[in-house]
Amino acid sequence: MKYANIIVNISHENLDRTFQYIIPGELENNLGIGDYVSISFGPGNRIIKGYVLEITDTAVYDPEKLKEIISVDTDSRFVEYKLIRLAYWMKQTYGSTMINALKTVLPIKKIMKEKEEKSSIILNIPVEEAREKLEQYERNLRTIARARLLKELINEKQLDYRLVTAKLNISPATIRAMEKQEIIAVEKKRVYRNTAGGEQQSNRITLNEEQSEAASSIIRDYSAGIRKTYLIHGITGSGKTEVYMEVIDAVIKEGKQVIMLIPEIALTYQTVMRFYRRFGDRVSTLHSRLSDGEKYDQFERARKGEISIMIGPRSALFTPFDSLGLIVIDEEHESSYKSDNMPKYHAVKTAGKLAELHGASLILGSATPSLDSYYMAMRGEYGLFRLNKRIGDAKLPAVHLVDLREELREGNRSMFSRELKSLMEERLDRNEQIMLFLNRRGYAGFISCRSCGHVMKCPHCDVSLSEHLGGKLICHYCGYETVMTGNCPECGSEMIGSMRAGTEKVEEAVKKMFPYASVLRMDADTTRQKDSYERILSAFANREADILIGTQMIVKGHDFPFVTLMGIIIADMSLNAGDYRAAERTFQLLTQAAGRAGRADAPGDVVIQTYNPEHYAVEAAAGQDYERFYNDEMAYRSLMGYPPAGHMLAILIESADEEAVDRYSKTLAEELNDVIIKGLHAQGSTLIGPVDASVKKINDIYRKVMYIKSVEGNELIFLKDQAEGYCETYKDRNIRVTFDMDPVRGY
Ligand code: ADP
Ligand code: ZN
Ligand code: ZN
């Protein structure tokens, strides 16, 4: 006998309340997760509808007392059906409970008191007068923020309040001050401009040859009923967004809806305005600072058909559109598309599944595509388009590669090469801005030789060893251990040690070198407070500082027209992060950072300082040569069996009890090894570990990790199911086990 657990009121807070029904024999073979069924409910046997969440062999009550499902509604047009199917797929693919998967795809319903919201800012003086004021403001450094707002208002007449504060980085205080002087007015009601007015039409950009080739091919496929995934590989500023908009236009004209994902941090004011301008009130945006209630409201608008395009980060994927035609994922290589919570889904792969459920197409775009997506394109599974030209022939910056070993040989022990220092002097003299970038992402304290650049690596896994207390060097994949040596095994130099440079140290050094320059620093420390991130960016955009020092937070999607020099202090930091994606991340960061300098009329300079100038990731980034990077990196991944050449499953075991975490992870590993050896379904898999995670203890919780590699993704799903089964059988409330399929970060 089979039973179905059915939910009758699908909303976030009711998910834990399912009701069990017997699946009648005639339905046994054609009832699936997500199906909409009729059941008789309660003592009065009212006939109501519900969704199948789970199918199981075990009855929760006396089967005698359970009722049968009456019928299944084969009409599966409902949004809920697709979302439940998607959640089920996420649960299976990434590992999690069904409830957690459902909570990921369903918005939280929150009844909120009607809040008086400031919604629009409008220009309150005649345009002529505004232009005069603008000139005044622009002359004074202290009124640059006002100038920026006024300039936008002269163009747009009316702006969304949230957009101005959150995306244009203008503070409520500035807005209040201008309101008091009656230059602007703040209105409570949100007013939307309507799209497709004559003016907007005439401003429409004509696509260049590369762009229209991409757009018209995709639109042609779409009209012919062909649904597939496309990758647009185009350098920054090559006009990818225009291509997306052209296809989106065609898709919504057919009455379909569109979801467009953008990494949170890259969702700039300029981008949002371009969409508002072209599509007017059919567009809505989401961002993580929205409250649950606000987010729910946006989802409701989508459900009611009030909007056709939702733009937002990862979670915007779950917008309940009933007839989705297209999903666009911009900057598809970004690691923020991978969720940190169970199920640890990847938005690109999940979008693929969602597109399949809806019969929609998927467009991925990037200047530095992830290896995974490019690999699919190379195998012919994705359509590939290239945009190689920058619009308006904007110049690429000049890249200077500096060999820090050479600097050392010449007696320069500071963290600034002579070249970077002299370029900085020049920019400060010219009153232009500078960004200094410390690519610490994934940084885990590796050991390298400052004299020859040699890096200590694991002989088995070919990733950098990490430094631990007591001079131990450890591989975070297999646990291989060795001791710190006093001399470089390669050249014998004593200049071997861990690389230590933090943003604070860089700031100190800059202040010493240029006492007259004003410096801003952006890192985890300076952005802890609410809104501090925006405040720093806004101050820099308003030219309140000459130099901005920061981690990767500073290189994403922000346009600073007065920045003409980008200095990358030590490219090697992200290069030796101790996981298999280190080189890919480095290539992306360096290429992105290079794209930040001198975008408009002033050509920029980029200085990349490194101890490994001949590393393929560094060389390819300096030469802006993606193909070369892809080929070299793919050779490494194939040799080692790392994704996308194979698949990898990380299993993280955590507990406050050190002894328990040790025991549990060892037994689980033994169990899985047993399955691998005996089982027919997992013979191509190898298990590595368990070992201490790179951060062995966080908040008094001990962490162990193991990795399983296989060429076959299905084998890993099978092994994950086995592991989930084991954890269910040997449930221990003190132990937490999480799964990460094809991880993008190290543990
Ligand atoms: P990407 O998304 O690849 O970074 P964008 O689509 O943002 O590039 O384009 C960069 C800039 O060039 C934008 O200001 C855009 O309006 C402009 N642009 C794009 N395509 C064209 C075109 N065919 N003609 C004129 N300007 C264009
Ligand atoms: Zn050496
Ligand atoms: Zn190893």
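1. In this predicted model, E182 is exposed, its relative accessible area being 55%. The residue sits in the loop that runs between α6 (172–180) and β8 (184–187), and its phi is near 60°, which is a positive value in a residue other than glycine.

2. A second residue to look at for its backbone angle is Q624, which is not a glycine and has a positive phi near 50°. Q624 is found in the loop between α20 (616–622) and α21 (626–640), and with a relative accessibility of 32% it counts as partly exposed, because that class covers values between the 20% limit for buried and the 50% limit for exposed.

3. As background to these points and to the next, most residues other than glycine have a negative phi, and most peptide bonds are trans.

4. Turning to a helix, α19 takes in residues 582–596, 15 residues in total, and reaches 21 Å from its first C-alpha to its last, which is close to the 21 Å expected at 1.5 Å a residue. The helix α19 is also mostly covered, with 15 of its 15 residues buried.

Conventions:
Residues are numbered from 1 along each chain as its sequence is written. Chains are lettered from A and ligands numbered from 1 in the order in which they are written. This is a predicted model: local features need pLDDT of at least 70, side-chain atom pairs count only at pLDDT 80 or more; totals for chains, interfaces and linings use all residues. Side-chain values use heavy atoms; hydrogens and water are left out. Helices (H or I, at least four residues) and strands (E, at least two) are DSSP runs, numbered from the N terminus. The expected span of a helix is 1.5 Å times one less than its number of residues. Buried means under 20% relative accessible area, exposed over 50%, partly exposed in between (1.4 Å probe, protein chains only).
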